[in-house]
Amino acid sequence: MAKLSLSLLLFFFFIFCINIGTVEPLNRAAHSQARTFIEASCRTTRYPALCVKWLTRHASSDTPPTAQQLTRTALTVSLYRARQVRLYLVKVAKELKATKAKEYPVVRDCLVQIDDSVSQLSQSTAELCRLDPKAEMMSDDMYWHIDNVDTWVSTALTDASSCVDEFPGQRMSKMKATIKSKVLNVAQLTSNALALFHRYAAAAIEKHP
């Protein structure tokens, strides 16, 4: 399958990280608490409205979210959107190359950057699952995993932001405006995911010094 739906992607990561938390049914009060927790967490991000929009839509409805689960969902959403943009850029780059359009080099460079973002986000999401929230103390391995996620998500954000910078100003063709809008969305989602990860990591370090 060339393209996974976001719901399926989240399901795969949930199965991969099944040991993260205990599955318990939510009652109405718990649903309200989950919404409150998401909103409070999103207030620490740079784009809180975007954060709440995606997390309330795709956070699990079967279990109350933890900080790690919320971070994982944010990273998965960012990865999904980055993959969508990569597919779009592959199509546009192929068309521009065929017609030898002058915009091809810029789009090609942007595609390389987004491709790297996809790789970095994929690694980050898998690495996050290796952090054991039940650990009684922070080990060198846990610090190493935290550093890896921080480095990879930061790199993914830099790549997406660099692509956005390839399209300065407001006056541009419809194609360039569309690319800029799509990549900017990836950058904003990745920025939010990084902020949520920093919140989660700081709490984990404070809880398990």
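Arg199 lies in helix 7, which spans residues 174-207. Helices here are DSSP runs of H or I with at least four residues, strands are runs of E with at least two, and both are numbered from the N terminus. The model is a predicted one: local features need pLDDT of at least 70, side-chain atom pairs count only at pLDDT 80 or more, and totals for chains, interfaces and linings use all residues. Residues are numbered from 1 along each chain as its sequence is written, and side-chain values use heavy atoms, with hydrogens and water left out.

Arg199 is partly exposed, at a relative accessible area of 36%. This class falls between buried (under 20% relative accessible area) and exposed (over 50%), with a 1.4 Å probe and protein chains only. Arg199 touches Ala40, Ser41 and Thr44, leaving aside residues up to four places away in sequence. A contact means heavy atoms within 4.5 Å. Thr44 is 155 residues from Arg199 along the chain, yet their C-alpha atoms are separated by 7.9 Å.

The overall fold is helical. The protein chain has seven helices and zero strands. Its pattern along the sequence reads α-α-α-α-α-α-α. Of its 209 residues, 45% count as buried. Among contacts in the chain with a separation of 6 or more, 77% come from residues 24 or more positions apart. The accessible surface of the chain is about 11400 Å², and carbon and sulfur atoms account for 55% of that area. Accessible areas come from the Shrake-Rupley method with a 1.4 Å probe; for residues, only the protein chains shown count as cover.

The chain contains two disulfides, a disulfide being a pair of cysteine sulfur atoms within 2.5 Å. One joins Cys42 to Cys51, with an S to S distance of 2.0 Å. This link is left-handed, at -65° about the S-S bond. Cys42 counts as buried because its relative accessibility is 0%. Cys51 is buried too, with a relative accessible area of 3%.

The other disulfide is formed by Cys110 and Cys163, whose sulfur atoms are 1.5 Å apart. The link of Cys110 and Cys163 is left-handed, with -60° about the S-S bond. This pair connects distant parts of the chain: Cys110 sits in helix 5 (residues 104-128) and Cys163 in helix 6 (residues 140-165), 53 residues apart. Both Cys110 and Cys163 are buried.
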